[in-house]
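Please read the following note alongside the sequence and the model.

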Amino acid sequence: MIDHAHDLASVRDATERLLTAAAKLDNASVSEPSRLPDWTRGHILAHLSRNADALVNVLEGRPMYASAQARDAEIERDAQRPLDVQLADLRESAARFQETGAAPADWSRTVELRNGVTDSASRVPFRRWAEVELHHVDLGIGYELEDLPAEFVEREIDFLAERFSGHPDVPATHLTDGTRAWSTGREAGTPEVTVTGTGPDLLGWLAGRRDGSALTVRGGALPALPPL
């Protein structure tokens, strides 16, 4: 059972870590490239602010974004702002998300996200947690996948393995960090490929943050994963 209250607290803690780290930047470094193609650090900070508001929309039964074009335009608009404005917006939008999450609600209800994707409302806080943690890494300011909380690493691997489960373009794959194991890809009597590595390396590959070169693969080539 997903504990949304626990995840909301984890989102708050992750946001504070990011805000503390980002406060050490300056206006010039905010405009520098991030680790994401075509995005500066300002794009990432703007996206995180607008994503918080978008998830408030989801929890309150409104469309996540007015449109894909509007989402992209808002990020481009806000990416150029100075650091102090970025940080204030991120803190305020994060507070709005926490306030909405604290309101009494039926957390078992189904909500709609982007592109027709649906999920339990109870998983929305975890989705926000993933946004904050992974994009903190994407900023390229010293926070790495190895710095992520162990609970988050395990749960995000669970989430992504489930996301690719049954995907026709991904071979049946067994994942293990030597202690825990996951299955993903097409259904098969036995996994065609076994991928072994540390939790951060498995997560990095599944989330498109690492190329998988640190992983050990048996039974075939490392599967090519579709974009998230």
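This is a predicted model: local features need pLDDT of at least 70, side-chain atom pairs count only at pLDDT 80 or more; totals for chains, interfaces and linings use all residues.

1. Residues are numbered from 1 along each chain as its sequence is written, and side-chain values use heavy atoms, leaving out hydrogens and water.

2. E133 lies in helix α6 (residues 124–138); a helix here is a DSSP run of H or I with at least four residues, numbered from the N terminus. E133 counts as buried because its relative accessibility is 0%, where buried means under 20% relative accessible area with a 1.4 Å probe, protein chains only.

3. The side chains of E133 and R17 form a polar contact at 2.5 Å (a pair of N or O atoms within 3.5 Å, one able to donate a hydrogen and the other to accept it; residues adjacent in sequence count only if both atoms are side-chain atoms). Leaving aside residues up to four places away in sequence, E133 touches A14, R17, Y143, L148, P149 and F152, contact meaning heavy atoms within 4.5 Å.

4. F152 belongs to helix α7 (residues 150–164) and is buried, with a relative accessible area of 0%. Beyond residues up to four places away in sequence, the residues that F152 touches include W129, E133 and L203.

5. Which residues of α7 meet α8? They are F152, V153, E156, I157, L160 and F164, and their partners in α8 are G199, P200, L202, L203 and L206.

Conventions:
Helices (H or I, at least four residues) and strands (E, at least two) are DSSP runs, numbered from the N terminus. Buried means under 20% relative accessible area, exposed over 50%, partly exposed in between (1.4 Å probe, protein chains only).
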